[in-house]
Amino acid sequence: MDGRGARAMALSASGFTLRNVNMETIINIEGLTKTYAGGVVALKRVDLAVRKGEILALLGPNGAGKTTLINIVCGLVTPSSGAITVAGSDIARDYRAARSLIGLVPQELHTDAFEAVIASVRFSRGLFGKPRNDAFLEQLLKDLSLWDKRNAKIMELSGGMKRRVMIAKALSHEPDILFLDEPTAGVDVELRRDMWAMVRAMRARGVTIVLTTHYIEEAEEMADRVGVISNGEILVVDETAALMKKLGRRTLILTLTEPHEQAPAELAEWNLSLRGDGHELVYEFDANAESSGVPSLLRRMSDIGMGFKDLNTSQSSLEDIFVGLVNEAKAE
Amino acid sequence: MIKNIHGIAAIYRFEMARFRRTFWTSLIMPVITTSLYFIVFGSAIGSRMTEIGGVPYGAFIVPGLIMLSMLTESISNASFGIYMPKWAGTIYEILSAPISPLETVIAYVGAAATKSVIIGVIILLTANLFVDVTIAHPFLMALFLVTIAVTFCLFGFAIGIWAKSFEQLQAIPMLVVFPLTFLGGAFYALEMLPPFWRSVTLFNPLVYLISGFRWTFFGEGDVSIGVSIGATLLFLTICLTTIFWMFRTGYRLKT
């Protein structure tokens, strides 16, 4: 909560222009559908607008279509239908303009085992049409703590180092948009922290970042906006804080003076539940509703002589929201 | 049409670096093979062979020998070049780059063809140590050498895209091209065959390439030089068309 609050303040402090810039769409996806040859429908008429300069986190369970979405925008997978533009350029018709702006770090560690780190990064820069710039690459490798390993063959590096190399390759051509597919899956704490710092630094430089993740705290911590994908559909896209607010439910927990076997019938309208061997009375309510129902509940409890010794409220996390949304989508 | 020069250069350099890592084996292999062929076919057997069309047998096999190595080398180098990224997954970078299919093909096939031409020249120089090689049409010979290297590198590139396993990758050069080259008149003139087999052999496309290449050395071949050039260009066109179809449809490259 504190982190978000601080960031919200930082955002408003940095002023009017940043907000305006943020509203400009850099990637526009309309009616994107992908049906694989085997008949699997990976994406169903997906619409998504990625704003310039934002960090957008795509959350979703395995097989939700996150990677397919990224791979289509990057040119690895051919869409079945739909239109995508990157900074106004159609990804099929004007693929050079579109792809020059994009750096991709795929989920799997695909590296040229026999190549030296520096050669591999230089290759990536050239491949994306940029002239050689060793000073830039030196700084990039230093930022990613790879400079000492620049002459090492990639196969000699640890998994975490290989991932850094993949990031260096993606950033080697100075892209405006960075796609990170599951950047922190199977990554140790130190690298994850470095990765977050790097993502923040990129964002500060104006790079738009789209990342997919399983880690909800990551999305909550990092992202300006969160999109939830399940089963090939985007269930919701909203600003992280707004999403929490809109969908957030609060929970009131009352520690009772005496345990109860079930909630008294007089309190039925609050839909209460008991836990902790009947010591805790739990009331879930909508944080945004006009009346939370808390004061009336407490009044009624006092009327029927039900005492409590402690009271605690908590806000549901993005994880609760996410699980709720996905389950809701499955139930339909 | 060609815009991403840096991209072409990057792939070309990457491929040449791959060749450099195996430089000595790739260099010594053709030298040893050629020497063995000359010792066995040139000296041991060749000394008992009569001249073919006025050309001593040892010299007669030189063009066929160059072809034999170049065709298999071209196919395996070019197919390996594109199959490896597919197999290792690094193809993602090529597919996501602002580089056109044409530029990609120029880079990969250009690098593989460079290596093939180098090998062809090495074999020619090695052969020169054993027999006197005179080249009747040096310019046409060089042109043929390069065209055939490019054609078979294109062929290999298509195989590399098509192949789903290392086994498939090696099957075509070993099971198809090597026998067809051997039976395509690399070591004999077609007129030495009985009429029936001569007719059968004419269905072997490599006959036309080997014959054409030999023509540039000695001024005569099994078939006329025009037919040879036509066949080479036809094969080149087929390979180019196949590859562009593969890229356009994303065949075995994209899902």
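Start by colouring the chains separately: 28 residues of chain A are in contact with 26 residues of chain B. Keep in mind along the way that this is a predicted model.

**Stop 1: the interface.** Show the surface where the chains meet. Together, chain A and chain B bury about 2,500 Å² between them, and 59% of that area is on carbon and sulfur atoms. Now select A:Arg96, A:Phe123 and A:Leu127, which supply 28% of the area that chain A buries against chain B, more than any other three residues.

Next, look for charged partners. Three salt bridges are found across the interface of chain A and chain B. For a salt bridge to zoom in on, select B:Arg21 and A:Glu115, whose closest N and O atoms are 3.2 Å apart.

**Stop 2: the largest pocket.** Select B:Arg18, B:Ser76, B:Asn77, B:Phe80 and B:Lys115; of the 36 residues that line the largest pocket, these lie nearest its centre. Helices α1 (5-21), α2 (23-45), α3 (57-88), α5 (101-130) and α7 (166-186) of chain B each give two or more residues to this lining. Which of them gives the most? Highlight α3(B), with 13 residues in the lining. The volume of the largest pocket is about 850 Å³. Colour its lining by class and you will find 18 nonpolar, eleven polar and seven charged residues.

**Stop 3: the second largest pocket.** This pocket holds about 560 Å³ of space. Select A:Gly75, A:Tyr95, A:Arg99, B:Phe247 and B:Lys254, the closest to its centre among 28 lining residues. From chain A, β4 (81-86) and α4 (95-100) each supply at least two residues of the lining, as do α4 (91-95), α5 and α10 (225-249) of chain B. With four residues, α10(B) gives the most. By class, the lining of the second largest pocket has 17 nonpolar, seven polar and four charged residues.

Stop 4: Is B:Leu124 buried or exposed? B:Leu124 counts as buried because its relative accessibility is 16%, and buried means under 20%. Show its surroundings: leaving aside residues up to four places away in sequence, B:Leu124 touches B:Val62, B:Ile66, B:Val133, B:Ile135, B:Met141 and B:Phe217.

Methods: Residues numbered from 1 in each chain as written. Chains lettered and ligands numbered in written order. Predicted model: local features only at pLDDT ≥ 70, side-chain atom pairs only at ≥ 80, totals over all residues. Heavy atoms only, no water. 1 Å grid on protein atoms, 1.4 Å probe; cavity = no way out; pocket = protein on both sides within 12 Å on 5 of 7 lines; lining within 4 Å. Points joined across faces, edges and corners; volume = space filled by probe spheres on them. Nonpolar A, V, L, I, M, F, W, Y, C, P; charged D, E, K, R; others polar. Buried < 20%, exposed > 50% of the residue type's maximum accessible area, 1.4 Å probe, protein only. Contact = heavy atoms within 4.5 Å. Buried area = accessible area lost by both parts, 1.4 Å probe. Salt bridge = Lys/Arg side-chain N within 4 Å of Asp/Glu carboxyl O.
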